[in-house]
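Please consult the sequence and the model shown here while reading.

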Amino acid sequence: MLWTVCVLCMTTLGLMFLLKKLNQPYLIAYIVAGILLGPYVFRLFTRIEEVEVVGEIGILLLMFFIGMEINIPNKKTLIIKPILAQGIKILLSLSFAYIIGKFVGLDYKSIVLIAILFIFNSTAVVVEFLKKHGTINTAFGVVILNILLLQDLLLAPALTVLKFWNGAVFSIFNFILPFAFCVAIFYIFRRIRHLREIKISFSFLESDHDLQIFSGLFICLGFGLLAEAIGMSAALGSFIAGVLVGKMKAFHWLEHSLMPFKIFFVSLFFVSIGLRMDLPYLWSNYKLIVLGTLVVLVSNSMMSAIFFRALNFKWKDSLYGGALLSQTGEFGILALSIAYKTHIVEYDLYKSGLGITCLSLLFSTIWISAGTSFMTRRSHNHHL
């Protein structure tokens, strides 16, 4: 175990130094490290599920930190625009998936699964770039973040549909509980959005570092567990915990205490994506996988840019938003796994979808960087 962790750290560190020179995000280093150390190259990690489960804690911590940093929007437009944007994206995704399905000759279940892959983006990738470019608290950044949160809300009905197709017993509670949870969140946010601070004293925590760390982890993971038990996304529960904690001065130390955990676990999540890359299958079907990845990146960018432009954002912002929302995300991997395990899709479609999703996550970081550089140069030339 010690040897494995040391090699993982050494490989990741070397890749990070290289990417720092190239001015690329470290997410690429984590994914590439997973590919190199996975079951098809150096075979250091063979039990992908174990790394994946640990890595999912990183997503909960990431959403928790976003909740602590974000300001709850007061303007109705910052709430209405994401709903309209996601609605347009769902319609465009279904239409595009239908065209692909009819062209390739897929059944309606496979078409809906392809639409789900288009609908969900990677919160981790998008948020990292919003932070890097300093746009997370701008009006445009808040709209994108709210779109990602809406996608988290849509996860519950999407997974319910997949389970229902498998013959699982349909229960009205699968819809009532998540809906009641959403209503409760809405009213809590309305009550606290005008408050500068929620005054609750936890003086016994202020001088005890060990208590701080474990209480913080319990709050973050506990809210995630509660949301998952209700049928929502665990990431959404952690985000809500972050919003509440961010308003409490008694927890001002929490961000500093949990930051190392967040970095480590988020990196493990992206390592697990690299581990999932089935290199022999990718190599034998590289034309289909590469073409599929390009179709996903280009079509998702175009669809997202169109709905941003339809919401009266400038073309520069619309194209930037399109690049940010170009990839298929971690929820797409979850949907694919459930669809394959429940025999909704065949092995080939599952492997192809998994390869396209992993490659879209890997290449979207380069895609976003290239698009941002292009828009920056264009803006600079325009000013000149």
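Helices (H or I, at least four residues) and strands (E, at least two) are taken as DSSP runs and are numbered from the N terminus. The structure is a predicted model, in which local features need pLDDT of at least 70, side-chain atom pairs count only at pLDDT 80 or more, and totals for chains, interfaces and linings use all residues. Residues are numbered from 1 along each chain as its sequence is written, and side-chain values use heavy atoms, with hydrogens and water left out.

**Gln151 in helix H7**

Helix H7 contains Gln151. Gln151 counts as buried because its relative accessibility is 1%; buried means under 20% relative accessible area, exposed over 50%, and partly exposed in between (1.4 Å probe, protein chains only). Contact is defined as heavy atoms within 4.5 Å. Leaving aside residues up to four places away in sequence, Gln151 touches Gln86, Lys89, Ile119, Phe120 and Asn121. With Asn121, a polar atom of the Gln151 side chain lies 2.9 Å from the backbone nitrogen.

**Nonpolar core**

A nonpolar core is a set of buried Ala, Val, Leu, Ile, Met, Phe, Trp, Tyr and Cys residues joined through side-chain atoms within 4.5 Å. The largest such core comprises 121 residues, and Phe64, Ile144, Phe270 and Phe308 have the most contacts inside it. Helix H7 (residues 139–165) supplies the largest share of this core, 13 residues. Apart from residues up to four places away in sequence, Phe270 touches Leu27, Tyr30, Ile31, Ala124 and Val125.

**Salt bridges**

A salt bridge requires a side-chain nitrogen of Lys or Arg within 4 Å of a carboxyl oxygen of Asp or Glu. The structure holds two of these pairs, listed below.

| Pair | N to O distance |
|---|---|
| Glu128 and Lys262 | 3.8 Å |
| Lys351 and Asp278 | 2.9 Å |

Lys351 is buried, with a relative accessible area of 14%, and Asp278 counts as buried at 11% relative accessibility.

Which helices hold the partners in the pair of Glu128 and Lys262? Glu128 forms its salt bridge with Lys262, and the pair links helix H6 (residues 123–132), which holds Glu128, to helix H11 (residues 254–276), which holds Lys262, across 134 residues. Glu128 is partly exposed, as its relative accessible area is 25%, whereas Lys262 is buried at 8%.

Note on methods. Polar contact = N/O pair within 3.5 Å; in protein donor to acceptor, adjacent residues only side chain to side chain.
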